[in-house]
Amino acid sequence: LENAQANVSDMLIAGADPGWKGNHRKGIKSVREFLENIHDSGAEKVRIIGGSHRRNMFMKSRVYAGCIYRAVQAAGYNVTMRIEGVHPDVDFYYISHAKKVVVSAGGYSNLMGQIAESRGGQIIGRKFSIHWAPKKKKKPRHL
């Protein structure tokens, strides 16, 4: 979010290009898309989990997450939010074991979603074209 040229208001209203992945136009989801994803999932409880691996690169992200939290809460869902404060490996384990997960355009988020899916979970909404299909085995060469 920090690299996006859009301001937080525009991101919340219409989504935005994350700025670092040109092939993921509108990779930042709008409030409406998040609420549609939650509705489509049939979830009653929503857990917003996030963090940053870059120091001092979080102002837009915190405002965006806080607004998403308030929108989900206003829509009547039981919602909690945890941004930072927990080791990323703990978050990775927790999210990759989710029954339903909404991913972002980031690789870390997508990897957690793919693991959750491989464990029988479901990715709700867009997957951002990241596929972790196994490589095809090469035929052995014979002398």
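In the predicted model, helix α2 spans residues 31–41. Five of its residues are buried: Val-31, Glu-33, Asn-37, Ile-38 and Ser-41. They cover an arc of only 170° around the helix axis, which puts them on the same side of α2. The other side of α2 carries exposed residues, namely Arg-32, His-39 and Asp-40. An α-helix has 3.6 residues a turn, so residues three or four places apart point the same way.

The buried residues of α2 have several packing partners. Two are helices, α1 (8–14) and α3 (59–74). The others are strands, β1 (45–50) and β3 (100–101). Just after α2 comes Gly-42, and this glycine takes a positive phi of about 80°.

The pairing of α2 with α3 can be described in more detail. The axes of the two helices come within 10 Å. They cross at roughly 50°. An angle between 35 and 65 degrees is classed as oblique, and that makes α2 oblique to α3. The crossing of α2 past α3 is right-handed.

Side by side, the two helices bring named residues into contact. From α2 come Val-31, Phe-34, Leu-35 and Ile-38. They meet Tyr-64, Ile-68, Ala-71 and Val-72 in α3. By class, this contact has eight nonpolar residues, with no polar and no charged ones. Val-31 and Ile-38 are among the buried residues of α2, and both take part in the contact with α3.

Definitions and conventions:
Residues are numbered from 1 along each chain as its sequence is written. This is a predicted model: local features need pLDDT of at least 70, side-chain atom pairs count only at pLDDT 80 or more; totals for chains, interfaces and linings use all residues. Side-chain values use heavy atoms; hydrogens and water are left out. Buried means under 20% relative accessible area, exposed over 50%, partly exposed in between (1.4 Å probe, protein chains only). Helices (H or I, at least four residues) and strands (E, at least two) are DSSP runs, numbered from the N terminus. The arc is that of the directions from the helix axis to the C-beta atoms. Contact means heavy atoms within 4.5 Å. Axes are lines fitted to C-alpha atoms, for helices over the stretch in contact, and angles run from 0 to 180 degrees between N-to-C directions. Angles under 35 degrees count as roughly parallel, over 145 as roughly antiparallel, 65 to 115 as roughly perpendicular and the rest as oblique. A crossing is left-handed if the near helix is turned anticlockwise from the far one by less than a right angle, and right-handed if clockwise. Ala, Val, Leu, Ile, Met, Phe, Trp, Tyr, Cys and Pro count as nonpolar, Asp, Glu, Lys and Arg as charged, and the others, Gly among them, as polar.
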